[in-house]
Amino acid sequence: MMINIKNKKFWFTTVAVLAAPAILNFTIFQFTTPWTYGDGDEWLSFWGSYSGGLISAYVAYFIANSQIKKQVKIDQYTNYVSQLPALMRIQMELKRYLTDIKEVQKKRSYNVTKFSSSGEFNRIEDEKTLEALVQAEADSKRYEIRTFDPNLFNVLEKIEDTELHLKLISCFQFYEDFSSIIVTDIEILEERKTKVIDKLILKGESLDMCYVNDEVERIDSEMLHLLSKRDDVWKTFDDENMLDKFEIVLLEVMNEIENIKRAKDTPSQA
């Protein structure tokens, strides 16, 4: 540890140690009082032992403080470098998720084009209404995407950079919701509802009407809930520009990996 000669505390301590013998000589050793016990030699011996103890204590404190600061730096460096495996794992997963999101976006755009040219919405004259209906139809479709690995949240605990940590949590939470919602096939629910209604038509009075009505209502409620969640997740995707957000966070992770690699190569400068 380097001594900082610009530090006021250093100079104060140095001056106090050097001035103490002179001050003692001009005070205690030059005067005697009725309540003073012992002669000058005895007091000199006492203050020699006393000041020696003080200096020893100061040196011990100085060395201990220096070692603690060194150990803190070593621990900080160790924690910083130990992030590398976690960041490499995160980088790999982000690249995979980003690829899947781009593929879903491509299929979504294809569906928008397909529904626009299908003629299904030709009766809609208002352009904005037509655009909204076409987009809603495209967003209601099922899209294949890789499922999220929840173990990644445990990996995030090793990230030292708080800001990067929060950004990664935001991305992973979005992807977890996004991937679980858009893979659900609403057509399966529609088919289930159709089968229940077909049974009602075929069997008529032999069915428990209360059960049938409850089943149809339950399926309708499930469909509405799914469509609402799907609308929300696509709205977040568009409004927060999640595709760009993933790319920016991936770039930050890659930069952090390079910084750690350089720190490993030059640990004295880390």
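Q: Is Arg96 buried, partly exposed or exposed, and what is its relative accessibility?
A: In this predicted model, Arg96 counts as partly exposed, at 31% relative accessibility.

Q: Which side chain does Arg96 meet in a salt bridge?
A: That of Glu93, with an N to O distance of 3.1 Å. Both residues lie in helix α3, 3 residues apart, which is about one turn of the helix.

Q: And Glu93, buried or exposed?
A: Glu93 counts as buried, because its relative accessibility is 6% and the limit for buried is under 20%.

Q: Which residues do salt bridges with shared partners join into one network?
A: Arg89, Glu93, Arg96 and Asp149.

Q: What does Arg146 pair with?
A: Arg146 forms a salt bridge with Asp100, and their closest N and O atoms are 3.1 Å apart. This pair links distant parts of the chain, 46 residues apart: Arg146 is in the loop between α4 and α5, and Asp100 is in helix α3.

Q: Which of those two is buried, and which is partly exposed?
A: Asp100 counts as buried at 14% relative accessibility. Arg146 is partly exposed, with a relative accessible area of 33%.

Q: Why would side chains like these pair at all?
A: Side chains of opposite charge can pair when their charged atoms come close.

Q: How many salt bridges does the count come to?
A: The count comes to 13.

Q: Back to α3. How many residues does it have, and what should they span?
A: Helix α3 has 34 residues, 84-117, and at 1.5 Å a residue they should span 50 Å. The end C-alpha atoms are 50 Å apart, so the two values agree.

Q: What comes just after α3?
A: Gly119, which takes a positive phi of about 85°.

Q: Which residue other than glycine has a positive phi?
A: Asn241 is one, with phi near 50°. Most residues other than glycine have a negative phi. Asn241 is found in the loop between α8 and α9, and is partly exposed at 38% relative accessible area.

Q: Zooming out, how many helices and strands are there in the protein chain?
A: There are 9 helices and 0 strands.

Q: How much of the chain is buried?
A: Of its 270 residues, 24% count as buried. The chain exposes about 18700 Å², and carbon and sulfur atoms supply 58% of that area.

Q: What share of the contacts join residues at least 24 apart?
A: That share is 78%, taken among contacts between residues at least 6 apart in sequence.

Q: New topic: how many aromatic pairs does the structure hold?
A: It holds 14 aromatic pairs. Phe178 and Phe237 make a stacked pair, because their ring centres are 5.6 Å apart and their planes are at 10°.

Q: Where do Phe178 and Phe237 sit in the chain?
A: Phe178 is in helix α6 (residues 162-182) and Phe237 is in helix α8 (residues 209-239), 59 residues apart, so the pair links distant parts of the chain.

Q: Are they buried or exposed?
A: Phe178 is buried, with a relative accessible area of 0%. Phe237 also counts as buried, at 5%.

Q: Which residues form the aromatic cluster?
A: Phe178 and Phe237 are in it, and other members include Tyr97, Tyr143, Tyr175, Trp234 and Phe246.

Q: What is Ile145 in contact with, apart from its sequence neighbours?
A: Leaving aside residues within four places in sequence, its contacts include Asp100, Tyr175 and Phe178.

Q: Where is Ile145, and is it buried or exposed?
A: Ile145 is in the loop between α4 and α5. It is buried, at 10% relative accessible area.

Q: Last one: which residues make the nonpolar surface patch?
A: Ile55, Tyr58, Val59, Tyr61, Phe62 and Ile63 make a patch of about 550 Å². Of these, Ile63 lies in helix α2 (residues 40-81) and is partly exposed at 47%.

Definitions and conventions. Residues are numbered from 1 along each chain as its sequence is written. This is a predicted model: local features need pLDDT of at least 70, side-chain atom pairs count only at pLDDT 80 or more; totals for chains, interfaces and linings use all residues. Side-chain values use heavy atoms; hydrogens and water are left out. Helices (H or I, at least four residues) and strands (E, at least two) are DSSP runs, numbered from the N terminus. Buried means under 20% relative accessible area, exposed over 50%, partly exposed in between (1.4 Å probe, protein chains only). Contact means heavy atoms within 4.5 Å. Accessible areas come from the Shrake-Rupley method with a 1.4 Å probe; for residues, only the protein chains shown count as cover. Rings of Phe, Tyr and Trp (its six-membered ring) pair if their centres lie within 6.5 Å; planes under 30 degrees apart count as stacked, over 60 as edge-to-face and the rest as tilted. The expected span of a helix is 1.5 Å times one less than its number of residues. Patches are made of residues with over 30% relative accessible area and no salt bridge: like charges are joined within 9 Å, nonpolar side chains (Val, Leu, Ile, Met, Phe, Trp, Tyr) within 5 Å. A salt bridge is a side-chain nitrogen of Lys or Arg within 4 Å of a carboxyl oxygen of Asp or Glu.
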